[in-house]
Amino acid sequence: MSKLQPDAEMIRKVTEFAQKVAWENPDLQVLKSEFAGHYPLIAETIQDHLVRSDRRQKLVLPDLRAFANQSVGVFTDYGGESSDAKFRTYSTLVCGWNLTNPFVEGMTLVRNIHRLGEKEIAFKDFGMGQVARALPGYLNALDRVPGFLFTLAVDRQLSSIFGPQTKEARERIGQDLEAAGLGVRKPAINEKLLRIVHVAALLTGLLTHDGQQIFWMTDKDSIVPSQEQHGYALDLFGRILTMYARDGFSFPSLVGFTPFAQRNLVLLDLLSSTDVVAGAVEQYLTRWQSTDPADIQVKEGCDLVLQWLAHDGVGLKKMNVMLRPGAGENIEAVTLEFDLQNPPDDPIIIPVPVEGSD
């Protein structure tokens, strides 16, 4: 069967869309001098990796103001909860909510073709025939979302990335959160919550613009086991966002959702992107620690996600960073880049503006 080739008009439309949703000459300096010394390692790491990627002319960020977009969705999910996992992974998608029509159209087709009904696309279900058959189409549809998908992988040997690796330091974090009226949790849950919220708030501060409305949807697990704890988490997100929001920017609303409170398939499909990526990256890194990279075997479906992470989409841009123990008591930060061993012979190249390019 011959490969279906896009016609000239389709390429023109896709190119025009890609250029309109790419942020030309983005301001990458999110960290503020007034909070110097108060930013955690992960904040400095993300900004450093963004700047380095930009210098290499490999960074393209979405312009979430495109087509007069007024709402920004933030989606978070996590991997590495099982006892055999060597890494904990935290995936965050920040996207233009009013720019998701191409994704919605693509997913409507995918769901109809594979008869998914209201079945959620989840990493744990990659073995199901319907989900496995739908996965390539799902990933292709996600590439149409104007947004940024960032995944943080943290070696489980690091009990904290917010201070010394001591019980006393972790307990002090909990005391500070309680004193600030942000709820009471076990130390490990506080650490998880802070990792998630700092990454999500930094990326939101980086990508949002003055006057936009923001909503945050996170998986309902240990950080938001109840409505009360969800309220604390959303309050924390709002407070930390002030450390990363641009000076003079204000947001008329910041609301939070968890899955299934209102079953919206578009929201669930966007949230699933963070679930499948967190799961795939964790599985690969866990096996990478004990296996020669050439011999790593991952479950079916996981390989497709890793291949998908090797390229940016027309709308969706991706980045992955790993934190692991370094020399002495230092923490080492590494950018994870997945490359295709056998890239397509005839890729479609979509030109997008990159600062410093010819």
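This is a predicted model: local features need pLDDT of at least 70, side-chain atom pairs count only at pLDDT 80 or more; totals for chains, interfaces and linings use all residues.
**Notebook: cores, sheet, helices**

I started with the packing: the largest nonpolar core holds 53 residues, and Leu 61, Phe 150, Leu 203 and Tyr 244 have the most contacts inside it. Buried means under 20% relative accessible area, with exposed over 50% and partly exposed in between (1.4 Å probe, protein chains only). Helix H6 (residues 187-207) gives the most to this core, 12 residues.

Numbering runs from 1 along each chain as its sequence is written, and side-chain values use heavy atoms, leaving out hydrogens and water.

Next I looked up Tyr 244. Leaving aside neighbours within four places in sequence, its contacts (heavy atoms within 4.5 Å) include Tyr 39, Pro 40, His 198 and Leu 202. Another core lies apart from the largest one; it has 41 residues, among them Phe 103, Leu 139, Leu 270 and Leu 309.

Then the sheet. I get an open one of seven strands, ordered S5-S4-S1-S2-S3-S6-S7, with mixed pairing. Strands (E, at least two residues) and helices (H or I, at least four) are DSSP runs numbered from the N terminus, and two strands pair if DSSP finds at least two bridges between them. S5 and S7 (331-335) are the edge strands, each pairing on one side only.

At one end, S4 (residues 213-218) and S5 (residues 254-257) pair in the parallel sense over four bridges. Ile 214 stands opposite Leu 254 there. From S4 the chain passes through helix H7 (residues 227-244) to S5, a right-handed β-α-β crossover (strands pointing away from the viewer, the path from the first strand over the helix to the second runs clockwise).

At the other end, S6 (residues 316-325) and S7 pair in the antiparallel sense over five bridges. Arg 324 has Glu 332 in S7 as its bridge partner. Helix H2 (residues 41-55) lies across S3 (147-155), S6 and S7, at about 130° to S6. Angles run from 0 to 180 degrees between N-to-C directions, with axes fitted to C-alpha atoms, for helices over the stretch in contact.

How values were computed
A nonpolar core is a set of buried Ala, Val, Leu, Ile, Met, Phe, Trp, Tyr and Cys residues joined through side-chain atoms within 4.5 Å.
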